[in-house]
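Student: I have a protein model open and would like to learn how to read it. Could you take me through it feature by feature?

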Amino acid sequence: MSLGKAMMHARKQKSAIKAAVAVAAAGEHAAGQQTIQAMHILQMPVLVLNASYEPINICGARRALVLVLKGIARTEEEHGLTLHAQRARVPMPSVIRLLEYRRIPHQTRALSRKNILLRDRNTCQYCGEAMPPGELTLDHVVPRSRGGSSTWENLVACCHACNRRKGNRLLSEIDDMVLLREPRAFSLHTSRQIMRMLGRGDDRWRKYLFY
Ligand SMILES: [Zn+2]
């Protein structure tokens, strides 16, 4: 089965996982404030390795669990927390590995707000301030009204203050506004940088990040 097909299949099974997650959340509810923590855990980043142990992606813990429960991947490193489903106790993964080798084409990720914020590390590319995704907008470096397109090279994370200040102008028309760095497409190289950044303080990840 190809990974694409497998993922689609896994998506169909998502309701089963959702039920398990709901049970887990309900269990946590008894412990009061830990409900939020339980939901947070399901969104925690999990490192995805190819069958060859090469790191290829980061996904949320919920998606990682689907892949493990469907037998598409196996847990290489546990997180240390356990998800209590109806009859099973599922250890939360920190690193998973695909069971079948997947050729990774050197293509870029889908152009999306989420991926642009990820590329720009949730940091306004003008003033350099890092902030929660909800407080950031996307700025067209060359404004749309002046022919700027919606591309990786023309979209950057931007705070509302800088976005207002820049308005409809080109950077060449503003004296004290520059880009922190040239915006580029989100490549495997970018992904690896992010993996290293996220894995810096985590021994479970670090041993796989020598690529
Ligand atoms: Zn700013």
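Student: In which sense do strand β1 and β2 pair, and over how many bridges?

Tutor: Here is the general idea: strands of a sheet pair through backbone hydrogen bonds, either parallel or antiparallel. In this predicted model, β1 (residues 45-49) and β2 are antiparallel partners, joined over five bridges. For instance, Pro45 sits opposite Gly60 in β2. Two strands count as paired if DSSP finds at least two bridges between them. The strands themselves are DSSP runs of E with at least two residues, helices are runs of H or I with at least four, and both are numbered from the N terminus.

Student: What is the average pLDDT of the protein?

Tutor: First the term: pLDDT is the predictor's confidence in each residue, from 0 to 100. The protein averages 81, and 77% of the residues score at least 70. Over residues 22-33 the value is below 50, and beyond near neighbours in sequence this stretch has 16 contacts in the model. Two residues are in contact if their C-beta atoms, placed from the backbone, lie within 7 Å.

Student: How many helices and strands are there?

Tutor: The protein has eight helices and six strands. Along the sequence they follow the pattern α-α-α-β-β-α-β-β-α-β-β-α-α-α.

Student: In what order do the four strands of the open sheet lie?

Tutor: The order is β2-β1-β4-β3, with mixed pairing. At the edges are β2 (55-60) and β3 (73-84), each of which pairs on one side only. From one strand to the next, the twist averages 35 degrees.

Student: In which sense do β1 and β4 pair?

Tutor: They pair in the parallel sense, over three bridges. By contrast, β3 and β4 run antiparallel and are joined by eight bridges. Look at Val95 in β4: it is the bridge partner of Leu47, and Val95 is also the bridge partner of Glu77.

Student: Which strands does helix α4 touch?

Tutor: Helix α4 (residues 61-69) packs on the sheet and touches β1, β2, β3 and β4 (89-98). Its direction makes about 85 degrees with that of β4. Such angles run from 0 to 180 degrees between N-to-C directions, with axes fitted as lines to C-alpha atoms, for helices over the stretch in contact. After α4 comes Gly71, whose phi is positive, near 75 degrees.

Student: How many residues of α4 are buried?

Tutor: A residue is buried if 20 or more other C-beta atoms lie within 10 Å of its own, exposed if 12 or fewer, and partly exposed in between, with C-beta atoms placed from the backbone. In α4, seven of the nine residues are buried; among them are Ala61, Arg63 and Leu65. Across the 211 residues of the protein, 21% count as buried.

Student: Which residues of the largest nonpolar core touch the most other members?

Tutor: A nonpolar core is a set of buried Ala, Val, Leu, Ile, Met, Phe, Trp, Tyr and Cys residues joined through C-beta atoms within 7 Å. The largest one here has 16 residues, and Val46, Leu47, Ala64, Leu67, Val68 and Ile96 touch the most other members. β1, α4, β3 and β4 each supply at least two residues, and α4 gives the most, with six. Apart from this core lies another, of 10 residues, including Leu136 and Leu155.

Student: Why does Leu47 count as buried?

Tutor: Leu47 is buried because it has 26 C-beta neighbours inside 10 Å. This residue belongs to strand β1. Not counting residues up to four places away in sequence, Leu47 touches Pro55, Ile58, Val95, Met195, Gly199, Trp205 and Tyr208. Leu47 and Ile96 are 49 residues apart in sequence, yet their C-alpha atoms are 6.3 Å apart in space.

Student: And why does Met92 count as buried?

Tutor: Met92 counts as buried because 21 C-beta neighbours lie inside 10 Å. You will find Met92 in strand β4.

Notes
Residues numbered from 1 in each chain as written. Predicted model: local features only at pLDDT ≥ 70, side-chain atom pairs only at ≥ 80, totals over all residues.
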